[in-house]
Amino acid sequence: MEFPESNEKRKKLGQAIMFGLSRGISYGIVALLFLILFFIVKQGIGVISWEFLTAMPTDGMTKGGIWPAIVGTVYLVLGSMLFAFPVGVMAGIYVNEYAVAGPVKRFVKMMTNNLAGVPSIIFGLFGMALFVNQMGFGASILAGSLTLGLLALPIVIRTTEEALKSVDDTFRQASYALGGSKLYTIRKVVLPIALPNILTGLILAVGRVSGETAPILFTVAAYFLPKLPSSIMDQAMALPYHLYVISTSGTQIEASRPMAYGTALVLVVIVLIVNIAAALLRNYFGKKVKMN
Amino acid sequence: MRIRRFTEPVFESLIKICGYSSGFVVLLIIVFLFKEGISFFGSSPVEEGFTMYVHASNPVKDLSAAQIKDVFDQKITNWKALGGADQPIERFSLDELGEAFTEEQLGKDFEFLPKCIDSYMDSLPGSLAFFPSAQTDGKVKSAVPIKIDKITVGKFLSDTEWFPTSRPAARMGVMPLLLGTLLVSFFAIIIALPLGLAAAVYLAEIADERVRKFLKPVIELLAGIPSVVYGFFGLVVIVPLVQSTFNLPVGETALAGSIVLAIMALPTIITVSEDALRTTPRAMKEASLALGASQWQTIRKVVVPYASSGITAAAILGIGRAIGETMAALMVTGNSAIMPPTLLQPVRTIPATIAAELGEAPFGGLHFQALFALGCLLFIITLIISLLVERVSAKRIN
């Protein structure tokens with residue numbers, strides 16, 4: 001009886017250690033997130049003021065505010081969503097409602113996956129080659145929005161597809177039985193049910209696009225502009241690019257550090273708001289939209 | 001009703017077109033990337049619009065870009081090292097001519113340049129000259145243009161030096177960038193995989209529902225933080241930490257990059273492997289428990305092996321993300337193309353190189369094309385990775 005008992009003890013001890021370890025690591029990762037957030041909030045909160053949010057940068061980006069970068073990011077997000085949202089939603093409708101299971105559908109899904117896996121700097125290269133040079137838009141809000149729109153496309157397609165998939169087939173059949181055509185059914189029955197989940201995807205895409213830097217490096221971003229952009233053919237400043245330049249390549253990196261913390265805080269707050277909004281929407285309607 | 005009969009087919013074909021949009025975009029990316037990238041191969045590494053000449057009597061008739069760079073860096077000073085006669089190499093270009101001749105002698109638009117080169121060249125049989133092609137093409141008698149090896153795919157992949165702006169001949173070897181990228185990415189996964197796997201096991205098997213409902217969204221939030229914020233965090237926190245811990249002259253190292261990329265890869269690894277762990281059939285777990293195995297033994301011997309292909313997919317996906325990551329790598333790795341790259345030295349990754357240099361590369365020039373060739377390479381690597389992931393995850397279903 002000695003042996004099995006000690007074996008049992010060892011088993012229990014081993015389990016306790018490993019459970020403790022994996023619990024510790026999990027909480028450690030969460031702690032890391034809070035550490036990053038806490039650090040940025042602590043360093044950046046002192047900089048945030050009405051002036052910081054609404055004034056132009058001055059004194060070689062060491063003073064003033066980030067207003068043009070905020071405006072630029074808003075333009076880019078709006079522009080990219082104007083493109084990605086309709087195209088992405090229709091593509092999602094095609095994949096889930098029209099495409100027949102088979103090689104074509106598999107191919108379309110594979111391409112969406114591949115597009116989602118393309119590194120963001122490749123979108124930057126591509127946007128520069130196609131929109132900036134080939135189409136002659138130059139570095140402009142138009143070129144940047146289209147580039148970011150392409151990047152957001154697979155996110156919108158996938159969430160739309162998942163949202164439509166969660167709509168029970170009985171709704172469609174009921175509509176068909178009442179004489180509704182396929183498109184009419186999608187428009188009047190399927191889309192309204194799936195709408196909250198589709199919107200969750202849209203919000204997540206907004207979050208992703210507002211933080212992307214590499215695709216806008218060569219397609220739109222300006223180091224410093226003394227005035228706000230007046231048309232879609234103008235260059236613009238943008239929050240993530242602004243954070244990048246003032247933290248690495250400014251003329252007075254040390255002096256502009258507080259500005260960098262402030263910009264990072266604004267970016268993080270935007271992302272947090274977006275993610276929390278998506279989570280609330282998702283919880284409120286009680287359906288899960290998966291991202292990966 | 002009649003209107004709808006017309007509008008419906010229009011809408012439906014629009015939907016169909018949009019359905020193919022992602023495939024179309026991938027195709028466009030390939031076309032535009034490779035159009036620029038491929039024209040890079042077969043071009044000459046010598047600065048555009050310039051020709052290199054040697055004295056007509058010189059037996060050396062062709063050189064490589066590496067040899068030219070060594071000559072101009074004064075690492076090679078004798079023709080003997082290049083397979084020629086034992087005589088010193090005299091480099092000369094417009095700068096030297098400007099000292100030897102007056103502006104009048106050279107002509108306002110350098111129209112007398114060939115004559116001046118001839119008279120200068122005659123006295124210097126060991127010269128290696130470097131002049132604009134437009135004024136000298138076919139007009140210089142004493143010298144012959146030297147043949148310089150064209151850039152090939154093989155040389156691009158195997159050359160160990162990256163000096164894209166060095167004059168007169170650029171060296172564009174992808175080796176230090178590729179090895180730097182792989183070093184940073186693999187080390188990031190070595191850090192992230194055990195941590196991520198432990199967290200995934202905890203979430204999937206150990207944590208109760210209440211804890212999981214709190215942890216999961218928080219971990220997903222990590223994925224939402226923009227990469228430039230991670231880069232900034234790395235720059236102001238991780239970089240100084242690495243520098244003081246290892247007592248280094250600079251903190252911007254491969255190690256700092258790996259740590260930042262590891263943090264960024266965690267959510268991907270956790271989400272994908274947790275999903276895989278959850279697919280383990282309940283019956284299998286219960287059978288193990290019924291045989292007297294502890295819960296941990298069941299996890300180790302049943303759940304993890306069952307999910308192994310999903311975990312592999314998570315690791316590959318994580319590596320893919322790390323390889324393509326641009327801003328964080330650009331901000332914390334120090335960006336110097338050292339060969340061979342090591343963990344405690346600055347390294348330069350492929351995406352960071354594109355991001356840092358494309359803005360300064362003249363449009364359509366050799367450097368510009370070289371960066372697109374880098375983009376092609378990166379695209380091929382990530383394509384292989386997504387195919388691998390698809391392959392590995394497909395195995396799980398069978």
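How many of the six residues of β1(B) are buried? Five of them are, which leaves this strand mostly covered; buried here means under 20% relative accessible area, with exposed over 50% and partly exposed in between, using a 1.4 Å probe and protein chains only.

A quick word on conventions. This is a predicted model, in which local features need pLDDT of at least 70 and side-chain atom pairs count only at pLDDT 80 or more, while totals for chains, interfaces and linings use all residues. Residues are numbered from 1 along each chain as its sequence is written, chains are lettered from A and ligands numbered from 1 in the order in which they are written, and side-chain values use heavy atoms, leaving out hydrogens and water.

**The sheet in chain B**

β1(B) belongs to an open sheet of four strands with mixed pairing, running β3-β4-β1-β5. Strands are DSSP runs of E with at least two residues, helices are runs of H or I with at least four, and both are numbered from the N terminus. Two strands count as paired if DSSP finds at least two bridges between them. Because β3 (90-93) and β5 (143-145) of chain B each have a single partner strand, they stand at the edges, with one side lacking a neighbour in the sheet. From one strand to the next, the twist averages 30°. Here are the pairs:

| Strands | Sense | Bridges | Bridge partners |
|---|---|---|---|
| β1(B) and β4(B) | antiparallel | five | Phe50(B) and Pro132(B) |
| β1(B) and β5(B) | antiparallel | three | Tyr53(B) and Pro145(B) |

Helix α3 (residues 65-72) of chain B packs on this sheet and touches β1 (50-55), β3 and β4 of chain B. The direction of the helix makes about 105° with that of β4(B); axes are lines fitted to C-alpha atoms, for helices over the stretch in contact, and angles run from 0 to 180 degrees between N-to-C directions.

**The domains**

Chain B is divided into domain 1 (50-149) and domain 2 (175-397), with bounds from an automatic or database domain assignment. Their C-alpha centres lie 50 Å apart.

Chain A is divided into domain 1 (1-44) and domain 2 (50-285), and 37 Å separate their C-alpha centres. Six residues of domain 1 of chain A are in contact with six of domain 2 of chain A, contact meaning heavy atoms within 4.5 Å. Between them, these two domains of chain A bury about 530 Å², 86% of it on carbon and sulfur atoms; buried area is the accessible area (1.4 Å probe) that two parts lose on being put together, summed over both.
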